[in-house]
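Subject: The model for you to look through

Hello,

Here is the structure I promised to pass on. Please open it alongside this message, and my notes follow below.

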Amino acid sequence: MDYKYQGIILNKRDIGEVDRIYTIYTLEGGKIRILGKGVRKPNAKLAGNLEPITKAEIFVSRNRGMGKITGSIAINNFSNIKTNLDLITKVFYVFKLLAKIISEEEKDEKVFNLLEKYLSGMNKLSQDENKADILTLGLLFKILDEMGYRLEVEKCVYCEKKLLLENNYFSVSRGGILCHNCHSFEQKKIIVSNESIKLIRIFLQNKIENLVKLKVSQADINQLKLILNEATGWFVGDGTGS
Ligand SMILES: [Zn+2]
């Protein structure tokens, strides 16, 4: 059987003498792993369109087991990302995390579209580490939300009262914010600024392509990274939150 996918190449791994296994997030089938046979031969044409951080049309033949790539056409090379080490590092961090939190062959068009818009946004950035951080955080908060880890950032997860501008805390096990009155009921928590709470709301309520307009302080970026780290750790179930 022959299949055609639109996919974003996440990762490649050499196997055998001349082959590779590619991990690709596809619109039609979610995350898949497929074999690139002979792609490391010196005259192989296929490999050029299969570099990680490329959106491509991919043709696959599959009978049983892992499919085999028979052809590919690059749709977007995101070449600006590939020439900027800071952007590459952030994108690969995202890809590595996705490899952990997304199961194979679970189709999710929303995640695919988010990922594509994220890469387009990153591809337009110049040397602006702050914006790259905001886009990356926005994407990951949105993906966690899409995958069912919904952070409660409107009301206290304990007393359910609307959050006020006071000392609030984030609890990963309760999946949201604890208010000033309730935080003592939970041991494992991190203090969270009102600005960070507001930013998470903005991430969840706005289109990813609009997030580059945000101005965020380095302190808030660091705090959001910490929250995200806890949340993804919890999500993959290692229980340590790291
Ligand atoms: Zn409360």
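**What helix H3 packs against**

The buried residues of H3 pack against strand E1 (2-15), strand E2 (19-26), strand E4 (55-61), helix H1 (79-82), helix H2 (85-101) and helix H4 (129-146). Helices (H or I, at least four residues) and strands (E, at least two) are DSSP runs, numbered from the N terminus. Buried means under 20% relative accessible area, exposed over 50%, and partly exposed in between, with a 1.4 Å probe and protein chains only. Contact means heavy atoms within 4.5 Å.

A word on the basis: this is a predicted model, in which local features need pLDDT of at least 70 and side-chain atom pairs count only at pLDDT 80 or more, while totals for chains, interfaces and linings use all residues. Residues are numbered from 1 along each chain as its sequence is written, and side-chain values use heavy atoms, with hydrogens and water left out.

**More on H3**

H3 covers residues 109-123, which is 15 residues. From first C-alpha to last it reaches 21 Å, close to the 21 Å expected at 1.5 Å a residue (the expected span is 1.5 Å times one less than the number of residues). Among its buried residues are Val 111, Phe 112, Leu 115, Tyr 118 and Met 122. An α-helix has 3.6 residues a turn, so residues three or four places apart point the same way.

**The strands**

E1 has two partners here (strands pair if DSSP finds at least two bridges between them). With E4, E1 pairs in the antiparallel sense over seven bridges, and Asp 2 stands opposite Ser 61 in E4. With E2, the pairing is also antiparallel, over eight bridges, and Arg 13 stands opposite Ile 21 in E2. The hairpin of E1 and E2 has three residues between the strands, and Gly 16 takes a positive phi near 60 degrees there.

**The zinc site**

Which residues coordinate the zinc ion? They are Cys 156, Cys 159, Cys 179 and Cys 182, each through SG, at 2.3 Å. Donors are N, O and S atoms within 2.8 Å of the metal (3.2 Å for Na, K and Ca); water is not among the atoms, so sites may look incomplete. The arrangement is tetrahedral because the four donor atoms subtend angles of 101 to 114 degrees (four donors count as tetrahedral if all angles lie between 85 and 135 degrees). Along the chain, the donors follow the spacing C-x2-C-x19-C-x2-C. Cys 159 lies in the loop between H4 and strand E6 (168-171), and Cys 182 in the loop between strand E7 (176-178) and strand E8 (190-192), so this pair ties together parts that are 23 residues apart in sequence. Cys 159 is partly exposed at 30% relative accessibility, whereas Cys 182 is buried at 5%.

**A few single residues**

- Glu 186 is in the loop between E7 and E8 and is buried, with a relative accessible area of 15%.
- Not counting residues up to four places away in sequence, Glu 186 touches Ser 171, Ser 173, Arg 174 and Leu 178.
- Ile 53, in the loop between strand E3 (30-36) and E4, has a positive phi near 65 degrees and is buried at 1%.
- Glu 105, in the loop between H2 and H3, is not a glycine but has a positive phi of about 55 degrees.

Best wishes

Methods: Four donors count as tetrahedral if all angles lie between 85 and 135 degrees; four count as square planar and six as octahedral if opposite donors are over 155 degrees apart and all others between 65 and 115; anything else is irregular.
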